[in-house]
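Open the viewer and keep the selection tool at hand. The tour goes from the whole chain to single residues.

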Amino acid sequence: MDVLEKLEKGERLNFDDGVKLYDLDLFQLGYYANKMREEKHQKKTYFNINRHINPTNICKDVCQFCAYSASRKNPNQYAMTHEEILDVVANSSKNGIKEVHIVSAHNPDTGLEWYLDVFRKIKFSYPNMHVKALTAAEIHFLSEEYNLSHEQIIEKMLESGVDSMPGGGAEIFDETVRKKICGGKVSSQQWLDIHKLWHNAGRQSNATMLFGHVESREHRIDHMMRLRDLQDETGGFNAFIPLVFQTQNNYLKVKEALTGQEILKTYAIARIMLDNIPNIKAYWATSTVKLALIAQEFGANDLDGTIEKESIQSAAGAASAKGVQVQSFVDLIKNSGFNPVERDSVYNELKAW
Ligand code: V47
């Protein structure tokens, strides 16, 4: 059966089908992705009111794509104190944020408690604040650095009040590409195992994919298939987030940025291939707000949040350093023909705007 026939019949696609999807015409692909989006979410587009905090950029690992890490290209090292982090949370909570999304570099100088105790402090002062923190890459770093198992770090996260795990650190699972772009940090299998442990603890997480650098279309489909397999087992992923590679200030000499067409195809293919992950997030910080709005018609049903401050992608050229205002986000979604729905961090609906 060919891929169009399978799409018409609503059958699950395999790896070869996934690769063939890229050869379809963009609008034909968009038609099927949008149909699946509408079956699950109608015209709703989710967003949340959140704050990103990146407490330190000092990193023991060297990822070729990263412009944020202070170890090589970025001479401005920093590590925030807990007081500074709590000040940020205090100010942001006045703006109505409901989630702090905390991701750090892999700093070997701070001690384990610096990473964990701040979650307890945030929860103590803001019991209703959702703490989304520690990527699988950070968990693996902490386990190696402090001679603890992944299970033990996860236990400590749960004790410290972490509510959910962000999807960072997945990059591209194919081992040859991974070796080129981030050899040395969490392996693909370890990334998947850590999320499995987290899901088995009854918690939810997200999954990302960094694309538009040295990977091929086949590598992207392989990445999605590995996530789909794990999701069949655990059901713990809320959202899949294709991160568009930002080309500035890093060691991967990627001259040509992805075309809008290739980005939209990738969102659409993610929606079609990942039939068991409910939300496809067009993270506007990497796609640009304008393309994220168009992506709503190509399978995406979530645009992440207001962010307030963003340091990782903006270091590599993205226009996301300052976040967006809630009202303008809402207006943009409405004006593009969709219904903005504010959600919490695990996709309970809070308010139709
Ligand atoms: O894993 C690093 C990426 C990620 C670049 O879970 C880059 O809701 C593009 O994971 N160009 C961290 N991306 C951010 C992340 C994330 C973001 C938003 C929402 C969620 C979520 C998770 O940033 C890293 C890495 O793949 N990154 N450098 C770059 N040059």
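Start with the helix at residues 284-287, which is α12, and select threonine 286 within it. Keep in mind that this is a predicted model.

**Stop 1: threonine 286.** Is this residue buried or exposed? Threonine 286 counts as buried because its relative accessibility is 6%, and the cut-off for buried is under 20%. Now show what surrounds threonine 286. Apart from neighbours within four places in sequence, the residues in contact with threonine 286 are Pro242, Leu243, Val244, Gln246 and Gln313.

**Stop 2: threonine 288.** Next, select threonine 288, in the loop between α12 and α13 (289-295). With a relative accessible area of 47%, threonine 288 is partly exposed. Look at its backbone too: phi of threonine 288 is near 80°, a positive value in a residue other than glycine.

**Stop 3: asparagine 147.** Move to the loop that lies between α6 (136-145) and α7 (150-160), and select asparagine 147 there. Phi of asparagine 147 is also positive, near 55°, and the residue is not glycine. Asparagine 147 counts as exposed because its relative accessibility is 72%, and exposed means over 50%.

Stop 4: In soluble globular proteins, nonpolar side chains tend to be buried together. Here the largest nonpolar core has 108 residues, and the members that touch the most others are Leu21, Met157, Trp191 and Phe240. Select helix α11 (residues 260-273), which gives the most to this core, with eight residues. Then select methionine 157. Which residues does methionine 157 touch, not counting those up to four places away in sequence? They are Leu116, Ala133, Leu134, Ile139, Val162, Met165 and Trp198.

**Stop 5: the whole chain.** The protein chain has 15 helices and 10 strands. Its C-alpha trace spans about 55 × 45 × 40 Å along the principal axes. A compact globule of 353 residues would have a radius of gyration near 20 Å, so the 19 Å of the protein chain agrees with that. Of the 353 residues, 58% are buried. Among contacts with a separation of 6 or more, 73% join residues 24 or more positions apart.

Finally, switch to the surface. The protein chain exposes about 14,300 Å², and carbon and sulfur atoms supply 49% of it.

Methods
Residues are numbered from 1 along each chain as its sequence is written. This is a predicted model: local features need pLDDT of at least 70, side-chain atom pairs count only at pLDDT 80 or more; totals for chains, interfaces and linings use all residues. Side-chain values use heavy atoms; hydrogens and water are left out. Helices (H or I, at least four residues) and strands (E, at least two) are DSSP runs, numbered from the N terminus. Buried means under 20% relative accessible area, exposed over 50%, partly exposed in between (1.4 Å probe, protein chains only). Contact means heavy atoms within 4.5 Å. A nonpolar core is a set of buried Ala, Val, Leu, Ile, Met, Phe, Trp, Tyr and Cys residues joined through side-chain atoms within 4.5 Å. The radius of gyration is taken over C-alpha atoms; the globule rule is 2.2 Å times the number of residues to the power 0.38. Accessible areas come from the Shrake-Rupley method with a 1.4 Å probe; for residues, only the protein chains shown count as cover.
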